[in-house]
Each structure stands twice: as structure tokens, then as C-alpha cells.
Amino acid sequence: MGGRIVALVRRLGLPERLLAVLILVLIVDFAASSFLFERVSAFELRRDDAERIAENVVLATRTLERTPKPERLHVAETLSTGRFRMSLARPEERERGSLGLANLRAQVVEIEPELALGDIELHLEGIPGRGNIGGSIRLADRSVLRFHTHANAAWKLTVGRVISLVLPTLLLIALGWVLLRATLKPLRSLIGATRQLGAGPPDPVPERGPDELRSLIRALNEMQERIHHSLADRTQTMLAIGHDLKTPLSRMRLRLDDESIEPEVRDGLNHDIDEMRMLLESIQAYVESDGRSIQAERIDVAVMAETLVDAASDHGALARYSGLSSLEIVARPVAIRRALSNLIENAIHYGGNVHVRVARDGGGAEIVIEDDGPGIPEDRVADALQPFVRLDTARTRDTAGMGLGLAIVRKAVRAENGTLDLRNRLEGGLRATIRLPLPPT
């Protein structure tokens, strides 16, 4: 039986499940409303208070009307109890009844109709809302009997009414939250998988939930496979092309050793071959820049950056390093080294100098590379990060390459869950800031 119910629930689509949740909420709300209606009705009628007032007042009036006037005060005190006190008063001291107790007065008169002859009046006493009730009634000789009752039960009933109003609402909210979370849980898994789409090997999402959602998850899993195979084929094709083209380039360089070729032609062809080789290496570096097939390891990014700066300085560049002498992160060393090297080489070429600074920024490592060059136009910063884009208006076209340097950097940094920020310095030049997460301590 339980298995059939589970199978029936699994066949329900998302609209049917939401409808079922709505029906369940309505049923609970109807049951709670019915219960509250009965409690409110009982509260409004205050039948117990009406019966107690009617019984005590009618007995007191009958007794006092048969008692001589000099003894009435003593008899009234004798008839008083802890919850119902009585006393005598002059007609001019009588208080008018409260409009809010008109229903209660009507119930008292309904229980003991003879009290209507004495024009019974009821009014609230003490702190408003506490339910202490006072009243008065005329006796046959026009004297006035005053009474006071501690109707604390009414106050307790008020608190119970408030709790009864709030508690079902809270239960409905909790119930609706649990049911909706259970219904939408597969959808949250689907959203998480969508964010990682194309970022690595496919991670199939378990097929759960209603039929429509399971069909959507199945389609996403199939799309993950197609995208992964497409990216793998593209990567393999690019690497194969780069590898195969290096062989004819090497043969062309060997043929240039022929003494019959004029020196000027030979130098020009050698320059073109070098540029083609650099183009192929850039493409290969871009394809492999995410490095997902390489295992991340603990590296000292401060030592790596300082080593690259020292190497540039040894080659005659104006390179300077400042900051921490050691800062360890967990990343793919080849990709991070290539990213830092690209930024340092760009700064030296376009700015004529480079300043590298490594610091700890909260829970991450911050590597800042600055130069004194022309910078990048503000409206072209986003373009500079795109592959195969050359900003000829910002930087001269005197180097080999296909505009992949910054794209390689961004791709490598993103693979480590880091960020790359490019912005122009106020004093001139470009500032590239890389932030990489630190390993947990």
C-alpha cells in the first residue's frame, strides 16, 4: 500500500503537487478556523460569567428586600464572597452601564428575567481588559445594591484566544515551508548544476521530483555530456593543429639555411616563422590555461612572483617586488605561473617597468601588478579580457600574439575560484589585481 502511494506521488506533476499543497493548507486552515470560531463564540457569550452574576444578584436582591434596612449592610457583607462582593449605595452614586458589556447584560437578564425590573447595569472596573466587572441594581424601595466580581477567567480566555490565533498561523507557515522545500529540492540541485555547466567533467544530477522536473534534469545531464565532448574535441583539435604545424615550421627553418637565399629574405622569413610559432604556443596555452587535468597543489605565490620579477630584472627590465616574502595557496602551479608571467611581460612591454606586490587580503591572497604605461581606455577594459582581441588603439601592434595574454590570465584565475580586476591608475598606467583564496587553516 505504501509503495503504491509513493508511486502515485511520483507520478504527480509540479502543478498537481502545488495544488495538493494548496488543498492541504486549505483543509488545515478550515479546521483551525472552525476551532477558533467556536472558541471566539464561547468567549463572546461568556456564559459562565453571566450565570454567576445572575445567580448571585437575584439571591442577594430577594434576601435584602426581605431584610430590614438597618440590617441590610451587614447582610450584604455576609452574602459577599472572595470573587463576588456586594455593598449598598445611594441612588445618586449609581454608575451607568458600559456599552461593551451590553451582550453580557442581555445574557444575565435572559437567565434571570426578574433582574430587568431592577434595571441592572454592568460596567468594567480596574485595569481595562482584565475582565473585572462591576454593576448595580435597584431594589424595590429604590435603594441600590452594588456588586463587584473578579472575572479573571475572562482574561485567561483572552490570552488563550491570542495563542489560538497565532499558533495555527505559525504551524501553517512551517508546514508550507517544509512542503515547498521538499518539492523544490530537485530544482535547487538543477540550478547548482547549471552554474557549473561546462566548467569541468559532467556531474549528472540525480533524477528526482515530478515528471516535468525529471525530464528537465535528464535533458540537462544530456546537455552536460554534449558540451563536455564538444569542449574535449575542440581542445584536442586545437592541440593537434598546433602540434602538426610545428613540424612544417621546423622544416621551413631548415630550408632557410640554404646559402642561395638572400640574407634579407632569410631574416624576414625567420621573423615570420618565430611569430607563427609564438601564435601556436599562445593558442596552446589558452586551451590548456584552465589546467583542470592537473592536480592543484600547495605553492608559495609570493616566492613565485618574486622569482619572476628577479628573472625580468636579470634581463635588464625595470622590475621591482614588494610585499610578503612567503604566502602559500593551493592552486595549479603551471597555470598560475603563466598568468603572472603574462601580466609581468605585458607591464614591461607596454609600460616599460613593473611593480609586483603580494599581500594577504582577509581570507585571500592579493597579487597586484602595476606599470606606468598608457593603460586601457575605460570602455575597452572588458574587451581586453576577451580572447583574440587586440586593443590597437591603446597599445601598439609591435608584438607577436593573438590577443590571448589577458584571456589566458583570466581563465587560469577563474579555474582557481579567484578574480582578476583591471583598472587604470590615477597617476597613469594599468593595475592588474589577482585575488586567490587561501587554504583553510
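In this predicted model, 63% of the contacts in the protein with a separation of 6 or more are between residues 24 or more positions apart. The secondary structure consists of 12 helices and 11 strands. Of the 441 residues in the protein, 36% are buried. The protein exposes about 26200 Å², and 58% of that area comes from carbon and sulfur atoms.

Consider the strands next. Strands of a sheet pair through backbone hydrogen bonds, and the pairing can be parallel or antiparallel. Here, four strands make up an open sheet with antiparallel pairing, and their order is β1-β4-β3-β2. The edge strands, β1 and β2 (121-124), each pair on one side only. From one strand to the next, the twist averages 20°.

Strand β3 covers residues 133-138 and pairs with β2 in the antiparallel sense over four bridges. Which residue in β3 is the bridge partner of H123? The partner is G134.

The structure holds one aromatic pair. Its members are F84 and F147, whose rings are 5.6 Å apart from centre to centre, with 10° between the planes. Planes under 30 degrees apart count as stacked, so this pair is stacked. F84 belongs to strand β1 (residues 84-89) and F147 to strand β4 (residues 144-149), so the pair links distant parts of the chain, 63 residues apart.

Are F84 and F147 buried or exposed? Buried means under 20% relative accessible area. F84 has 2% relative accessibility, so F84 counts as buried. F147 has a relative accessible area of 3% and is therefore buried as well.

The last topic is the nonpolar interior. In soluble globular proteins, nonpolar side chains tend to be buried together. The largest nonpolar core in this model has 42 residues, and the members that touch the most others are L340, V356, I367 and I434. What does L340 contact, leaving aside its neighbours within four places in sequence? L340 is in contact with V301, M304, A305, L308, I367, I369 and I434.

How values were computed
Residues are numbered from 1 along each chain as its sequence is written. This is a predicted model: local features need pLDDT of at least 70, side-chain atom pairs count only at pLDDT 80 or more; totals for chains, interfaces and linings use all residues. Side-chain values use heavy atoms; hydrogens and water are left out. Rings of Phe, Tyr and Trp (its six-membered ring) pair if their centres lie within 6.5 Å; planes under 30 degrees apart count as stacked, over 60 as edge-to-face and the rest as tilted. Helices (H or I, at least four residues) and strands (E, at least two) are DSSP runs, numbered from the N terminus. Buried means under 20% relative accessible area, exposed over 50%, partly exposed in between (1.4 Å probe, protein chains only). Contact means heavy atoms within 4.5 Å. Accessible areas come from the Shrake-Rupley method with a 1.4 Å probe; for residues, only the protein chains shown count as cover. Two strands pair if DSSP finds at least two bridges between them. Axes are lines fitted to C-alpha atoms, for helices over the stretch in contact, and angles run from 0 to 180 degrees between N-to-C directions. A nonpolar core is a set of buried Ala, Val, Leu, Ile, Met, Phe, Trp, Tyr and Cys residues joined through side-chain atoms within 4.5 Å.
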